[in-house]
Amino acid sequence: MDLFSCSWTALRAAVADLPDEDFERPSGCTGWLVRDLVCHLVIGAQDILITLVTPADTEPTVDAVTYWGLPGPPTGEGPPVPSEEPEPEGPPDELIPRLAAAYGEPRWLRFHFDDVGSAAGRAAELADPAARVGTQGEVLTVGDFLSAYVLEWSLHHLDLIAHLPSAAEPPAETLAAARALLEGIAGTTFPDTFSDRDALLVGTGRRAPSDAEKAALGEVAARLPFGLG
């Protein structure tokens with residue numbers, strides 16, 4: 001729970017500190033501008049709020065690791081929109097830029113993200129980590145659900161600052177936790193020579209490994225990237 005709050009607070013602060021012109025710069029999500037990524041984060045915050053008020057009375061079917069799948073190379077998407085919401089028309093990667101553009105000035109997108117993001121953060125802090133909730137047709141504890149989102153927020157924090165060298169980095173402790181979760185999902189470990197940031201970027205295909213990194217990865221290199229969706 002603490003790691004969720006730490007990662008989410010840092011990501012929200014990074015967005016709040018962005019000057020307007022940075023919203024038009026590319027993000028680390030292929031095909032998305034920073035404004036598109038922030039719009040996606042609004043939807044992520046909504047997912048948190050919806051799931052935390054969707055109690056389940058059956059045994060968990062997934063945990064923080066099995067909540068994630070490995071369908072293919074990563075796009076701009078995080079976990080799918082929960083089943084409680086109607087599916088929008090068109091691929092999500094195409095819908096998000098249209099939604100983001102509809103905000104017009106960055107201040108309105110920034111305001112909406114802060115508003116919904118603050119509510120999601122408060123809801124997470126008030127939630128019982130042992131309670132069970134339902135999302136995407138699965139059941140898991142609140143603690144596992146929020147732990148899964150530490151990986152989501154850490155990756156998207158890296159996406160947010162991919163082309164913004166002066167922006168604040170994600171907290172070291174949340175990067176370490178995200179790396180550990182990725183290794184659990186992939187069923188492998190990255191070499192100790194990889195920083196947590198590099199393990200996340202290379203592991204999810206956000207950048208290609210160097211020749212030296214490929215050599216250090218050994219047989220794991222052939223399995224890259226681990227696309228999370």
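Student: In what order do the elements of the protein chain run from the N terminus on?

Tutor: Helices (H or I, at least four residues) and strands (E, at least two) are DSSP runs, numbered from the N terminus. Here the elements run α-α-α-α-β-β-α-α-α-α, which comes to 8 helices and 2 strands. Keep in mind that this is a predicted model, in which local features need pLDDT of at least 70 and side-chain atom pairs count only at pLDDT 80 or more, while totals for chains, interfaces and linings use all residues. Residues are numbered from 1 along each chain as its sequence is written, and side-chain values use heavy atoms, with hydrogens and water left out.

Student: How do the two strands, β1 and β2, run and how many bridges join them?

Tutor: Two strands pair if DSSP finds at least two bridges between them. In this model 4 bridges join β1 (residues 132-135) to β2 (residues 138-141), and the strands run antiparallel. Gly134 stands opposite Val139 in β2, and in the hairpin, which has 2 residues between the strands, Gln136 takes a positive phi near 55°.

Student: What percentage of the residues of the protein chain count as buried?

Tutor: Buried means under 20% relative accessible area, exposed over 50% and partly exposed in between, with a 1.4 Å probe and protein chains only. By that rule, 46% of the 229 residues count as buried. Helix α2 is largely enclosed by the rest of the structure, because 14 of its 19 residues are buried.

Student: Which residues touch the most other members of the largest nonpolar core?

Tutor: In soluble globular proteins, nonpolar side chains tend to be buried together. A nonpolar core is a set of buried Ala, Val, Leu, Ile, Met, Phe, Trp, Tyr and Cys residues joined through side-chain atoms within 4.5 Å. The largest one here has 62 residues, of which Phe4, Ile48, Leu151 and Leu160 touch the most other members. Among the elements that give two or more residues to this core are α1 (2-16), α2 (34-52) and α5 (142-160), and α5 supplies the largest share, 11 residues.

Student: Which residues is Leu160 in contact with, leaving aside neighbours within four places in sequence?

Tutor: Contact means heavy atoms within 4.5 Å. Leu160 is in contact with Leu11, Ala14, Val15, Leu18, Val34, Leu37 and Val38. Val42 and Phe113 are 71 residues apart in sequence, yet 5.3 Å apart in space, C-alpha to C-alpha.

Student: How many aromatic pairs does a search of the whole structure find?

Tutor: Rings of Phe, Tyr and Trp (its six-membered ring) pair if their centres lie within 6.5 Å, and planes under 30 degrees apart count as stacked, over 60 as edge-to-face and the rest as tilted. The search finds 8 aromatic pairs. Phe4 and Trp153 form a tilted one, at 6.5 Å centre to centre and 55° between the planes, and this pair links distant parts of the chain, with Phe4 in helix α1 and Trp153 in helix α5, 149 residues apart. Phe145 and Tyr149 form an edge-to-face pair, at 5.4 Å centre to centre and 70° between the planes.

Student: Why are Phe145 and Tyr149 separated by about one helical turn?

Tutor: An α-helix has 3.6 residues a turn, so residues three or four places apart point the same way. Phe145 and Tyr149 are separated by about one helical turn because they are 4 residues apart in helix α5.
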